[in-house]
Amino acid sequence: MIKCEIPGCINEGCHSHHIVFRSQGGPDIAMNLIRLCPYHHNMSPEGVHMNPALDKRLKRVLQKEYETVFEFEEKELTVELVADRIGMSKKKAEKYFSKVPKNPDGTMDRENIIRRLMGGRLY
Ligand SMILES: [Zn+2]
Ligand SMILES: [Zn+2]
């Protein structure tokens with residue numbers, strides 16, 4: 001059985017939770033998924049769907065991970081490179097990032113990529 005990913009929690013019987021909800025534009029990639037026990041998912045006041053502080057904490061950690069994946073110095077962030085780093089197919093990424101502003105050479109800025117992955121806002 002897989003244990004809950006909340007530090008200190010030893011509960012099992014986990015669900016897969018989208019850190020940035022699919023309804024908010026969160027992608028279906030491993031980085032955006034976390035295993036949560038029923039208690040930390042949505043069946044108690046401590047569940048991520050009921051507890052805004054926990055929700056925000058998970059989103060902040062995820063944003064930091066994206067910031068690490070896309071280094072500051074990099075200028076040429078092509079859709080191919082982004083797809084490769086986050087484990088998304090190129091075809092899916094082209095659609096997913098289609099509304100992100102592109103530079104004249106077709107690349108995207110790091111902040112705009114992260115904003116898209118975070119569902120339109122930064123934490
Ligand atoms: Zn959920
Ligand atoms: Zn838990």
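Me: Starting with N51: how exposed is that residue, and why?
Reply: N51 comes out as partly exposed, because 15 other C-beta atoms lie within 10 Å. Buried would take 20 or more, and exposed 12 or fewer. Bear in mind that this is a predicted model.

Me: Where does N51 lie?
Reply: In the loop between α1 (38–41) and α2 (52–69).

Me: And what is N51 in contact with, leaving aside its neighbours within four places in sequence?
Reply: P45 and E46.

Me: How far is N51 from S89?
Reply: Their C-alpha atoms are separated by 33 Å, and the two residues sit 38 apart along the chain.

Me: OK, on to α2. How many residues does α2 have, and what does it span?
Reply: α2 has 18 residues, and from first C-alpha to last it reaches 26 Å. That is close to the 26 Å expected at 1.5 Å a residue.

Me: Which residues of α2 are buried?
Reply: L58, K59, L62 and Y66. Looking down the helix axis, these buried residues fall within an arc of 100 degrees, so they line one face of α2.

Me: What covers the buried residues of α2?
Reply: The cover includes strand β2 and helix α5 (110–117).

Me: Tell me about β2 then. Which residues are on its covered face?
Reply: β2 takes in residues 33–36, and I34 and L36 make up the covered face. L33 and R35 are on the uncovered one.

Me: How does β1 run relative to β2, parallel or antiparallel?
Reply: Antiparallel: β1 (residues 15–18) is joined to β2 by four bridges.

Me: Which residue in β2 is the bridge partner of S16?
Reply: R35, which belongs to the uncovered face of β2.

Me: Zooming out, in what order do the elements run from the N terminus?
Reply: β-β-α-α-α-α-α, giving two strands and five helices.

Me: And what does the C-alpha trace span along its principal axes?
Reply: About 50 × 25 × 25 Å.

Me: How much of the protein counts as buried?
Reply: 25% of the 123 residues.

Me: Last one: of the contacts between residues at least 6 apart in sequence, how many join residues at least 24 apart?
Reply: 49% of them.

Note on methods: Residues numbered from 1 in each chain as written. Chains lettered and ligands numbered in written order. Predicted model: local features only at pLDDT ≥ 70, side-chain atom pairs only at ≥ 80, totals over all residues. Contact = placed C-beta atoms within 7 Å. Pairing = 2+ DSSP bridges. Expected span 1.5 Å × (residues − 1). Arc of directions from axis to C-beta.
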